[in-house]
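I opened the model to look up two topics. Notes follow in the order I took them.

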Amino acid sequence: MLQKIDHLGIAVHSIAEARHFYEKVLGLTCEKEEEVESQKVRTAFFVLGETHIELLEPTAEDSPIAKFLATRGEGLHHVAYRSTDVTEQLKQAKENGCKLIHETPFTGAGNKQVAFLHPKSSHGLLTEFCSGEQK
Ligand code: ZN
């Protein structure tokens, strides 16, 4: 079951450059920066009430974020929905004809269990399911 929008993922060329906008213009606080090696990205999470803004910067040329930036430029990359059970959420999506990028969840930023649906099945917006933070 989905609970809330966990975060919005925004692709940027440089977190160091983009953080000025999020910190000074929007007045948000950066909660943490973290590199997710499996996805070849550096992430920075900014707090906004119940949700977060996740900036994504590629750490390699073959990073999915590098490919996204090359074709579409900076901007909204994905929306992440918090689910009580990511595995069950994926199963339901698949049963309803949705194409999955990940058949099983993997460990993403914040040690959360995450998985992505194919944007072709979600009307153009890359969709992530994620669990709450795992300690
Ligand atoms: Zn995300």
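**Metal site and rings**

I began with E54, which is buried because its relative accessibility is 6% (buried is under 20% relative accessible area, exposed over 50%, partly exposed in between, with a 1.4 Å probe and protein chains only). This is a predicted model, where local features need pLDDT of at least 70, side-chain atom pairs count only at pLDDT 80 or more, and totals for chains, interfaces and linings use all residues. Residues are numbered from 1 along each chain as its sequence is written, and side-chain values use heavy atoms, with hydrogens and water left out.

Which protein atoms are donors of the zinc ion? I found H7 (NE2), E54 (OE), H78 (NE2) and E128 (OE), at 2.1 to 2.4 Å from the zinc ion. Donors here are N, O and S atoms within 2.8 Å of the metal (3.2 Å for Na, K and Ca); water is not among the atoms, so sites may look incomplete.

I then checked the angles. The four donor atoms subtend 84 to 171° around the zinc ion, so the arrangement is irregular. The rule: four donors are tetrahedral if all angles lie between 85 and 135 degrees; four are square planar and six octahedral if opposite donors are over 155 degrees apart and all others between 65 and 115; anything else is irregular.

I noted the donor spacing as H-x46-E-x23-H-x49-E. E54 in strand β4 (residues 51-58) and E128 in strand β8 (residues 126-130) link distant parts of the chain, 74 residues apart. Helices (H or I, at least four residues) and strands (E, at least two) are DSSP runs, numbered from the N terminus. E128 is buried, with a relative accessible area of 4%.

Next, the rings. I searched the whole structure and got two aromatic pairs. F21 and Y22 are edge-to-face, 5.0 Å centre to centre with 90° between the planes. Rings of Phe, Tyr and Trp (its six-membered ring) pair if their centres lie within 6.5 Å; planes under 30 degrees apart are stacked, over 60 edge-to-face, the rest tilted. F21 is partly exposed at 40% relative accessible area, while Y22 is buried at 11%.

Y22 and F46 make a tilted pair, at 5.6 Å and 35°. Y22 lies in helix α1 (residues 15-25) and F46 in strand β3 (residues 41-48), so this pair ties together parts 24 residues apart in sequence. F46 is buried at 0% relative accessibility.
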